[in-house]
Amino acid sequence: MEKNYPRDALSFIAASLINATGNSILWPLTTLYVHQVLGRSYAEAGMVLLFQALAGLIGQFAGGALYNRLGPKRLIIGSMMLSATLIASVVLTREYAVYVVLTSLYGLVNNLAVPSINAYIGFRWKAHRRKLYNAIYVGNNAGLAIGASVGGLIAAFSFTLTYAVTAISTLVFGLYLMLIMRTGSSEEEEAVPETSNGSALGADGLTGRSQLEQEATLGQKLRNTGMYLYLGIGSLLFFFALMIWNNGVAPFLTDSGHSLTMYSLLWSINGIVIFVGQPVTNAIKKMLAGSVSREIVASSICYSIGFTFIAFLHDSYWYLVLGMIVCTIGEMLLLPVIPAFLSENAGKSAPFYMGVVGGFGSAGRMIAPTLFGYVYDHTGVTPVLWIGAGASLLSVAVFVVHAYLHRTVPKRAAVAPDC
């Protein structure tokens with residue numbers, strides 16, 4: 001393996017950071033925009049977020065399914081161009097119904113590209129993909145921090161301008177990809193992964209290359225449940241639990257007399273840990289001998305410890321900080337390794353499975369706010385924290401099943417069955 005990343009891979013990371021920065025300008029301000037600019041209630045602003053999440057879920061599924069039909073270049077660039085057009089159109093309207101339609105379509109179209117970008121990275125730069133997924137994750141979090149900060153400054157001058165800036169950054173990302181993405185004999189056609197004995201993993205962790213190559217239909221892909229189902233359910237539980245920070249911890253802190261600055265500090269710590277904690281996660285990965293399935297289990301154990309810790313000791317702000325640090329380490333292990341696992345094990349079907357697993361994660365994000373909000377309103381923060389901790393503990397069991405299905409197979413047992 002080369003010591004340095006390919007130059008075009010580094011360019012791709014830089015462009016992704018710019019795109020993440022532009023996108024993150026919007027999400028913290030959507031509620032305020034709907035309330036202050038469009039003159040609607042906070043309940044109606046919540047409906048906007050719900051529709052966006054639902055549209056994003058559909059977009060993840062559709063993006064994965066369309067990857068091999070349309071090809072990465074057409075799908076990703078087309079998604080970026082349509083996204084830029086839709087979000088730019090928001091500045092032309094003050095009608096709430098039109099705004100809901102435009103932003104929902106934006107959520108759908110923008111998420112079409114998510115599994116495609118992950119698959120493209122895994123297929124094009126196979127020798128570097130694990131490190132690249134981690135670099136993209138770190139870069140996106142940097143963009144999130146920058147965008148959230150810049151968005152507030154821009155909104156102070158003009159709310160409408162935030163949408164224009166996001167449209168421009170998305171357009172720049174699409175135009176840049178148009179220049180660097182190769183066409184011709186695509187790398188994904190060569191990326192049928194193998195185990196050390198030359199046999200590709202399938203639904204039960206034992207099936208051979210022939211099954212992956214024959215999985216051309218939607219039904220056949222969905223029947224290969226060992227490839228995506230437990231990974232998807234675990235992702236749903238993870239993102240469900242992760243929402244306690246927004247829908248449990250945030251109102252708890254403000255109701256306890258803490259300022260919003262103290263809540264923002266938690267996310268600042270999250271960003272700092274993601275940068276300075278890389279040696280910690282690298283050491284954990286070395287102890288796990290580079291096994292992505294073991295890393296997935298380790299991540300779930302880590303964030304379940306963090307969530308359980310804050311469920312017990314949330315009355316102290318600094319215990320919340322400590323819990324946030326532990327949860328962040330788990331997040332750092334999990335999120336980059338999911339696309340790495342699929343690109344290494346799912347062959348040509350990897351984009352489809354990335355979309356399915358991403359859809360599960362979007363479902364977790366969509367379900368949690370309503371449930372946590374209802375529970376918090378009626379019983380306070382403690383049940384919310386225990387529900388989140390319970391979900392994270394359950395994810396450990398789900399990921400253990402996934403790891404068992406994809407354990408290393410002894411050579412004498414790794415003979416592909418007759419098809």
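## The overall picture

What you have here is a predicted model. The protein chain comes out with 17 helices and zero strands. Of its 419 residues, 54% count as buried. As for how the chain folds back on itself, take the contacts with a separation of 6 or more: residues 24 or more positions apart account for 82% of them.

Two packed helices are described by the angle between their axes and the distance between the axes.

| Helix pair | Angle | Axis distance |
|---|---|---|
| α1 (residues 7-26) and α5 (residues 96-124) | about 160 degrees | 13 Å |
| α6 (residues 129-157) and α7 (residues 159-180) | about 130 degrees | 6 Å |
| α14 (residues 292-313) and α15 (residues 317-345) | roughly 160 degrees | within 8 Å |

Start with α1 and α5. Their axes make an angle of about 160 degrees, and angles over 145 degrees count as roughly antiparallel, so α1 and α5 are roughly antiparallel to each other. The crossing of this pair is left-handed. On the α1 side, the contact is made by Asp-8, Phe-12 and Asn-23. On the α5 side, Tyr-106, Asn-110, Ile-117, Tyr-120, Ile-121 and Arg-124 take part. Sorted by class, the contact of α1 with α5 has five nonpolar, two polar and two charged residues.

Now for α6 and α7, which pack at about 130 degrees with their axes 6 Å apart. That angle makes α6 oblique to α7. If you want to find the contact on screen, look for Gly-151, Ile-154, Ala-155 and Phe-157 in α6. They meet Phe-159, Leu-161, Thr-162 and Val-165 in α7.

The contact of α14 with α15 has 20 nonpolar, five polar and two charged residues.

## The cysteines

How many disulfides does the model have? The count comes to zero. Cys-302 is in no disulfide, and the nearest cysteine sulfur to it belongs to Cys-327, 7.7 Å away. A disulfide would need the two sulfur atoms within 2.5 Å. Looked at from the other end, Cys-327 is in no disulfide either, with the sulfur of Cys-302 as its nearest cysteine sulfur.

Are these two cysteines buried or exposed? The cut-off for buried is under 20% relative accessible area. Cys-302 has 15% relative accessibility, so Cys-302 counts as buried. Cys-327 has 4%, so Cys-327 counts as buried too.

Asn-247 lies in helix α11 (residues 244-255). With a relative accessible area of 18%, Asn-247 is buried. Setting aside residues up to four places away in sequence, Asn-247 touches Pro-369, Phe-372, Tyr-376 and Val-384. One of these, Tyr-376, sits 129 residues from Asn-247 along the chain, yet the C-alpha atoms of the two are separated by 8.0 Å.

Phe-309 is found in helix α14. Phe-309 has 25% relative accessibility and so counts as partly exposed. Leaving out neighbours within four places in sequence, Phe-309 is in contact with Tyr-319, Leu-322 and Gly-323. Another residue to check against Phe-309 is Ala-389: the two are 80 residues apart along the chain, with their C-alpha atoms separated by 8.6 Å.

Back in helix α7, have a look at Met-178. At 40% relative accessibility, Met-178 counts as partly exposed. Which residues does Met-178 contact, leaving aside its neighbours within four places in sequence? They are Lys-73, Ile-77 and Met-81.

Terms used
Residues are numbered from 1 along each chain as its sequence is written. This is a predicted model: local features need pLDDT of at least 70, side-chain atom pairs count only at pLDDT 80 or more; totals for chains, interfaces and linings use all residues. Side-chain values use heavy atoms; hydrogens and water are left out. Axes are lines fitted to C-alpha atoms, for helices over the stretch in contact, and angles run from 0 to 180 degrees between N-to-C directions. Helices (H or I, at least four residues) and strands (E, at least two) are DSSP runs, numbered from the N terminus. Angles under 35 degrees count as roughly parallel, over 145 as roughly antiparallel, 65 to 115 as roughly perpendicular and the rest as oblique. A crossing is left-handed if the near helix is turned anticlockwise from the far one by less than a right angle, and right-handed if clockwise. Contact means heavy atoms within 4.5 Å. Ala, Val, Leu, Ile, Met, Phe, Trp, Tyr, Cys and Pro count as nonpolar, Asp, Glu, Lys and Arg as charged, and the others, Gly among them, as polar. Buried means under 20% relative accessible area, exposed over 50%, partly exposed in between (1.4 Å probe, protein chains only).
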